[in-house]
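The stops below are meant to be selected one after another.

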Amino acid sequence: MKIGIDFDNTIVNTSETSKKYLDKYKPGNNLKSYHELSDEEEFYFFEKYYEEITNNLEVFENVKETFKFLKDNNFKLVLITARGGNIPEMINVTKRFLEKKDIVFDEMIFDVFPKGKEAKENNLDLVIDDTKEVIDDVRNRVAAYEDSIR
C-alpha cells in the first residue's frame, strides 16, 4: 500500500509554531493563524520566517513510531505537501528537517495543492491530510483521511 502524508499540521505543529512568529511579524495582532493573512502577506511572512519556523517545529507524538511500523510492514510512504511553491528553498529546509528528525519517506512530492491529481498520478492508495479542501479533492480519486497523526 502506498500512503501519501501531508507535512504541515499533519505530522508537525506548523500552526502552533507559526503563531509565535506571526506575533513577531505583526505585533499586537488578533490573528489565530497565518491562514488569516492575505496571500501577499502570507508570502512575505513565510519568506522572512520559513527557515526559523521549520527548524523549530515539533513532530507530533508517535509519528516516528508509526512511520517505522508502516515501513517495517512494507507500506510505501510519500510526503505530499504544498510546501515550496512560492519559496523553492523551503524544499531543502524541509528535507534537512526530516533528515535531522530521522523521518523517512520513500518519495517526496512538493508544491502541490489541492493534491487529488497528484495522488492519482502517483498511485497513492490513501492520503492523510489535515485540510478539508485537500480531502475533498483527493476523495474523488483515492481514499482519504482528514486528521493529523497524533
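**Before selecting anything**

This is a predicted model, in which local features need pLDDT of at least 70 and side-chain atom pairs count only at pLDDT 80 or more, while totals for chains, interfaces and linings use all residues. Residues are numbered from 1 along each chain as its sequence is written, and side-chain values use heavy atoms, with hydrogens and water left out.

Helices (H or I, at least four residues) and strands (E, at least two) are DSSP runs, numbered from the N terminus.

**Stop 1: α1 against α2**

Select helix α1, residues 14-25, and helix α2, residues 39-55. Their axes are 10 Å apart and the angle between them is about 120°. Axes here are lines fitted to C-alpha atoms, for helices over the stretch in contact, and angles run from 0 to 180 degrees between N-to-C directions. The angle makes α1 oblique to α2; angles under 35 degrees count as roughly parallel, over 145 as roughly antiparallel, 65 to 115 as roughly perpendicular and the rest as oblique. The crossing of α1 past α2 is right-handed. A crossing gets that label if the near helix is turned clockwise from the far one by less than a right angle, and is left-handed if anticlockwise.

Now show the side chains. On α1, T17, S18, Y21, L22, K24 and Y25 meet E41, Y44, F45, F46, Y49, E52 and I53 on α2. Contact means heavy atoms within 4.5 Å. By class, eight residues of this contact are nonpolar, two polar and three charged. Ala, Val, Leu, Ile, Met, Phe, Trp, Tyr, Cys and Pro count as nonpolar, Asp, Glu, Lys and Arg as charged, and the others, Gly among them, as polar.

**Stop 2: I53**

Stay on α2 and select I53. Is I53 buried or exposed? I53 counts as buried because its relative accessibility is 0%. Buried means under 20% relative accessible area, exposed over 50%, and partly exposed in between (1.4 Å probe, protein chains only). Not counting residues up to four places away in sequence, I53 touches T17, S18, Y21, F45 and F46.

**Stop 3**

**Stop 4: T81**

Move to the loop between β2 (76-80) and α4, where T81 lies. T81 is buried, because its relative accessible area is 1%. A polar atom of the T81 side chain lies 3.1 Å from the backbone nitrogen of R83. Leaving aside neighbours within four places in sequence, T81 is in contact with D6, F7, D8, I109, F110, D111, V112 and K115.

**Stop 5: D106**

Next, select D106 in the loop between α4 and β3 (107-109). With 34% relative accessibility, D106 counts as partly exposed. Which side chain makes a polar contact with the side chain of D106? The partner is K71, at 2.4 Å. A polar contact is a pair of N or O atoms within 3.5 Å; within protein, one must be able to donate a hydrogen and the other to accept it, and residues adjacent in sequence count only if both atoms are side-chain atoms. Beyond four places in sequence, D106 is in contact with K71, F75, K76 and L77.

**Stop 6: backbone details**

Display the backbone from F113 to P114: this peptide bond is cis, with omega near 15°. P114 is in the loop between β3 and α5 (116-121).

Then find N74, in the loop between α3 (63-72) and β2. N74 is not a glycine, but has a positive phi of about 70°. At a relative accessible area of 62%, N74 is exposed.

N123 sits in the loop between α5 and β4 (126-129). Its phi is near 55°, a positive value in a residue other than glycine. N123 counts as exposed, at 55% relative accessibility.

**Stop 7: V138**

Finish at helix α6, residues 132-139, which includes V138. V138 is buried, with a relative accessible area of 0%. Draw a distance from V138 to K115: they are 23 residues apart in sequence and 6.4 Å apart in space, C-alpha to C-alpha.
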